[in-house]
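How do the helices of this model pack against one another? Please look at the sequence and the structure below before reading on.

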Amino acid sequence: MTAPAAVAWAAQLGWFDVSGTPLAFMGYRWTPWIFTALALVELVTDQLPNTPSRKVPTQFGARILMGALAGATVGAAGGSLAGGLLAGTFGAIAGTIGGAAARGKLAAAFRHDTPAALIEDAAAVGGALLIVASVP
């Protein structure tokens with residue numbers, strides 16, 4: 001949820017314009033607050049010891065949907081909704097699969113999952129901010 005939260009904040013703050021596109025709701029007043037709340041819930045629940053794998057169908061699907069939504073919104077702001085949708089979808093797939101492998105290796109290195117989860121969360125927040133900052 002971090003990526004759509006960052007994208008919604010950027011749209012709300014006028015950093016890029018999505019008005020007149022099918023994703024104009026990303027710039028609505030309450031959208032960034034809703035996605036931010038969901039991102040915070042995700043960050044907290046991700047630290048729980050029994051959190052299901054990101055590769056289970058429900059979590060995998062949600063991550064792909066959120067990546068596609070964020071990518072499509074950035075793409076719509078740049079005049080290429082379809083291009084952004086594809087980039088967001090493929091990025092979310094690669095990030096989900098690669099992130100699961102990297103987190104497993106980090107957890108093994110730390111002998112505990114919490115430091116790995118915190119590193120992963122910081123990377124997700126930083127990555128979302130870099131993506132939004134690079135939008136023309």
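The model is a predicted one.

Two packed helices are described by the angle between their axes and the distance between the axes. For helix α1 (residues 2-12) and helix α2 (residues 31-45), the angle is about 155° and the axes are 8 Å apart. Angles over 145 degrees count as roughly antiparallel, and α1 and α2 are therefore roughly antiparallel to each other. Their crossing is left-handed. On the α1 side the contact is made by T2, P4, A5, A8, W9 and Q12. The α2 side contributes T31, P32, W33, F35, T36, A39 and E42. By class, the residues of this contact are 8 nonpolar, 4 polar and 1 charged.

Helix α3 covers residues 57-77. Which residues of α3 are buried? They are I64, M66, G67, A68, L69, A70, G71, A72, T73, V74, G75 and A76. These buried residues pack against α1, α2 and α4 (81-110). After α3 comes G79, which has a positive phi, near 85°.

The pairing of α3 with α4 can be described in the same terms. The axes of α3 and α4 come within 6 Å and cross at roughly 145°, and the crossing is right-handed. From α3, the contact involves F60, R63, I64, G67, A68, G71, A72, G75 and A76. From α4, the residues are L81, G84, L85, G88, T89, A92, I93, T96 and I97. An α-helix has 3.6 residues a turn, so residues three or four places apart point the same way. The contact of α3 with α4 divides into 10 nonpolar, 7 polar and 1 charged residues. Among the residues in this contact are I64, G67, A68, G71, A72, G75 and A76 of α3, which are also among the buried residues of that helix.

The last stop is G127, in helix α5 (residues 113-133). Is G127 buried or partly exposed? Its relative accessibility is 25%, so G127 counts as partly exposed. G127 and A3 are 124 residues apart in sequence, while their C-alpha atoms are 8.1 Å apart in space.

Technical notes:
Residues are numbered from 1 along each chain as its sequence is written. This is a predicted model: local features need pLDDT of at least 70, side-chain atom pairs count only at pLDDT 80 or more; totals for chains, interfaces and linings use all residues. Side-chain values use heavy atoms; hydrogens and water are left out. Axes are lines fitted to C-alpha atoms, for helices over the stretch in contact, and angles run from 0 to 180 degrees between N-to-C directions. Helices (H or I, at least four residues) and strands (E, at least two) are DSSP runs, numbered from the N terminus. Angles under 35 degrees count as roughly parallel, over 145 as roughly antiparallel, 65 to 115 as roughly perpendicular and the rest as oblique. A crossing is left-handed if the near helix is turned anticlockwise from the far one by less than a right angle, and right-handed if clockwise. Contact means heavy atoms within 4.5 Å. Ala, Val, Leu, Ile, Met, Phe, Trp, Tyr, Cys and Pro count as nonpolar, Asp, Glu, Lys and Arg as charged, and the others, Gly among them, as polar. The expected span of a helix is 1.5 Å times one less than its number of residues. Buried means under 20% relative accessible area, exposed over 50%, partly exposed in between (1.4 Å probe, protein chains only).
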